[in-house]
Amino acid sequence: METELTMDTKGGFLITMIKQVGGRVFEKILRDYGIDDFNGPQGRILYVLWKKDGSVISELSHETGLALTTLTSMLERMEKNHLIHRERSQNDKRKTKIYLTEESKGLQRKYEEVSKKMGEIYYKGFDEQETKEFEDYLQRVLNNVEEAL
């Protein structure tokens, strides 16, 4: 069902603002928790790898929403900081798999604490039903913008 908007909308602007302000809050919480091993965007990469260690770069790009060029430079920094290591795929030598180091595996609990705190901030004043509906709407918006690619 396609809808033609006849009113002024600001959803995209609000999403961008939430992303920017939320990123600053996330960085502040990382500092408050004494976490200086990774930054917010690197945390997104680690989050994906904690769920599926050994992902290839294209999977990481899709799952994090980061462009391949951005992701490649971030992975280089993360490798220098001993958060990840790369290995050629045994099945397809053209692909490189990204793996967590023991050091980064140990950071998962801290990251989950920070994520929980962010969730409390995001959903303050929301009941369970509102949270579910809101996330359903956000998923629909994400599907729409991914479809536009």
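**Local features of the predicted model**

At a relative accessibility of 51%, H82 counts as exposed, where buried means under 20% relative accessible area, exposed over 50% and partly exposed in between (1.4 Å probe, protein chains only). The model is predicted, so local features need pLDDT of at least 70 and side-chain atom pairs count only at pLDDT 80 or more, whereas totals for chains, interfaces and linings use all residues. Residues are numbered from 1 along each chain as its sequence is written, and side-chain values use heavy atoms, with hydrogens and water left out.

H82 is located in the loop between helix 4 and strand 2 (84–88); helices (H or I, at least four residues) and strands (E, at least two) are DSSP runs, numbered from the N terminus. The phi of H82 is positive, about 60 degrees, although H82 is not a glycine. Most residues other than glycine have a negative phi. A positive phi, near 80 degrees, is also found at G65, which follows helix 3.

In helix 3 (residues 57–64), the buried residues are I57, L60, S61 and T64. Seen down the helix axis, these residues fall within an arc of 100 degrees and therefore line one face of helix 3; the arc is that of the directions from the helix axis to the C-beta atoms. The exposed residues H62 and E63 are carried by the face turned away from the buried side. The cover over the buried residues of helix 3 includes helix 2 (40–51), strand 1 (55–56), helix 4 (68–80) and strand 3 (96–100), with contact meaning heavy atoms within 4.5 Å.

Strand 3 pairs with strand 2 in the antiparallel sense over five bridges, and R88 has T96 as its bridge partner in strand 3. Strand 1 and strand 3 also run antiparallel and are joined by two bridges, with I98 of strand 3 as the partner of S55. Two strands pair if DSSP finds at least two bridges between them. In a regular strand the side chains alternate between the two faces of the sheet.

On the surface, I15, F126, F134, L138, V141, L142 and V145 form a nonpolar patch with about 530 Å² of accessible area together. Accessible areas come from the Shrake-Rupley method with a 1.4 Å probe; for residues, only the protein chains shown count as cover. Patches are made of residues with over 30% relative accessible area and no salt bridge, with like charges joined within 9 Å and nonpolar side chains (Val, Leu, Ile, Met, Phe, Trp, Tyr) within 5 Å; a salt bridge is a side-chain nitrogen of Lys or Arg within 4 Å of a carboxyl oxygen of Asp or Glu. Helix 7 (residues 128–148) contributes the largest share of the patch, five residues. V145 lies in helix 7 and is partly exposed, with a relative accessible area of 48%.
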